[in-house]
Amino acid sequence: RIRSALSTAALLIRVLNRAGVAVSVVTFGDDSSVSVPFNTPTPKALDLISQVRADGSTNDYAALKFSHDMLLARPESRKVCFVLTDGEGDQIAAREQVAAGANLGITTIGIGMQLNVESVYPINLHILNLNSLATASLAKIKLAA
């Protein structure tokens with residue numbers, strides 16, 4: 001499933017950078033960290049994404065909090081957080097953080113890799129296989145725009 005998540009992240013990076021949108025990638029497992037800083041050129045961002053490895057844990061609440069805090073410090077008026085996940089963490093805490101982000105003006109879109117995430121993310125996408133990846137992801141990008 002990590003391959004699906006990385007393919008989706010690469011697609012989002014390409015499309016959003018091409019549209020002039022500032023993009024950063026935060027990876028998460030036990031810890032959250034910035035894998036691709038804002039304003040990283042697309043080729044470098046894609047290289048950094050290709051180096052991401054799964055560690056088997058899903059602390060999506062911490063990743064959401066980290067990402068929302070990062071977005072709040074940004075100057076853009078429109079703030080969107082895409083969460084690509086293949087596991088279930090603390091659903092209650094994550095759902096509460098999605099709501100807290102929404103109250104602060106952050107749109108959070110959950111993308112489940114072979115996982116239905118609608119119970120946590122009101123705006124969501126369920127990727128069943130790589131064949132549906134591009135079309136489904138572009139539909140959510142349009143929704144966020």
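**Close-up views of a predicted model**

**View 1. Buried residues of helix H2.** In helix H2 (residues 42–50), the buried residues are Ala45, Leu48 and Ile49. Viewed down the axis of H2, these buried residues fall within an arc of 100°, so they line one face of the helix. The model shown here and in the other views is predicted.

**View 2. The open sheet E3-E4-E5.** An open sheet is formed by 3 strands in the order E3-E4-E5, with parallel pairing. Strand E3 (79–85) and strand E5 (123–127) are at the edges; each has a single partner strand, so one side of each is left without a neighbour in the sheet. On average, neighbouring strands of this sheet are turned by 15° against each other, direction ignored. Strands of a sheet pair through backbone hydrogen bonds, in either the parallel or the antiparallel sense.

**View 3. Pairing of E3 with E4, and helix H3.** Between E3 and strand E4 (residues 106–113), 7 bridges make up the parallel pairing. Gly112 in E4 stands opposite Thr85. Helix H3 (residues 60–72) lies across both E3 and E4. The angle at which H3 runs to E3 is about 160°.

View 4. Gln97 is part of helix H4 (residues 91–103). Is Gln97 buried or exposed? Residues under 20% relative accessible area are classed as buried, and Gln97, at 10% relative accessibility, therefore counts as buried. Apart from neighbours within four places in sequence, the contacts of Gln97 are Tyr61, Leu64, Lys65 and His68.

**View 5. The hairpin of E1 and E2.** Strand E1 (residues 25–28) and strand E2 (residues 32–36) run antiparallel and are joined by 4 bridges. Val26 has Val34 in E2 as its bridge partner. The hairpin connects E1 to E2 through 3 residues.

**View 6. The largest pocket and its lining.** The volume of the largest pocket is about 1,100 Å³. Its lining comprises 47 residues, of which Ser24, Val25, Val26, Phe82 and Leu84 are the closest to the pocket centre. Which helices and strands each supply at least two residues of the lining? They are helix H1 (2–18), E1, E2, H3, E3 and helix H5 (133–144).

Key:
Residues numbered from 1 in each chain as written. Predicted model: local features only at pLDDT ≥ 70, side-chain atom pairs only at ≥ 80, totals over all residues. Heavy atoms only, no water. Buried < 20%, exposed > 50% of the residue type's maximum accessible area, 1.4 Å probe, protein only. Arc of directions from axis to C-beta. Pairing = 2+ DSSP bridges. Axes fitted to C-alpha atoms, helices over the stretch in contact; angles between N-to-C directions. Contact = heavy atoms within 4.5 Å. 1 Å grid on protein atoms, 1.4 Å probe; cavity = no way out; pocket = protein on both sides within 12 Å on 5 of 7 lines; lining within 4 Å. Points joined across faces, edges and corners; volume = space filled by probe spheres on them.
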